[in-house]
Amino acid sequence: EGHADARGDAEANRKLSQQRAEAVVGYLVSKHGVLPERLVPQGKGSADPLNKDRVDAPENRRVTIVTIRG
């Protein structure tokens, strides 16, 4: 899951967070041999900030790895 801080336009933040998630997927596939079919990049925009008190906090701009048991 890609995340963005709450500064700026909501749609731009969603796109940015999607690009952030896709960049991490690309890295994991190319540098660590993770099979691409095991990864689903998802942009969350600014919907789930870690630091709710500071919308521009750097920790709100992140990628979170979520695992799902099959």
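**Labels and their grounds**

Mentor: In this predicted model, a salt bridge joins the side chains of E1 and K44, at 3.8 Å from N to O. The pair connects distant parts of the chain, 43 residues apart, with E1 in the segment before α1 (10-32) and K44 in the segment after α1.

Trainee: Why is the contact of E1 and K44 called a salt bridge?

Mentor: The N to O separation is 3.8 Å, and the rule asks for a Lys or Arg side-chain nitrogen within 4 Å of an Asp or Glu carboxyl oxygen, so the pair qualifies.

Trainee: What makes E1 count as partly exposed?

Mentor: E1 has 24% relative accessibility. Buried means under 20% and exposed means over 50%, so the value falls in between. K44, at 32%, is partly exposed as well.

Trainee: How do you know that R14 and E11 are separated by about one helical turn?

Mentor: Because they are 3 residues apart in helix α1.

Trainee: Why is R54 called partly exposed?

Mentor: Its relative accessibility is 43%, which lies between the 20% and 50% cut-offs, so the label follows. D56, with 32%, is partly exposed too.

Note on methods: Residues are numbered from 1 along each chain as its sequence is written. This is a predicted model: local features need pLDDT of at least 70, side-chain atom pairs count only at pLDDT 80 or more; totals for chains, interfaces and linings use all residues. Side-chain values use heavy atoms; hydrogens and water are left out. Helices (H or I, at least four residues) and strands (E, at least two) are DSSP runs, numbered from the N terminus. Buried means under 20% relative accessible area, exposed over 50%, partly exposed in between (1.4 Å probe, protein chains only).
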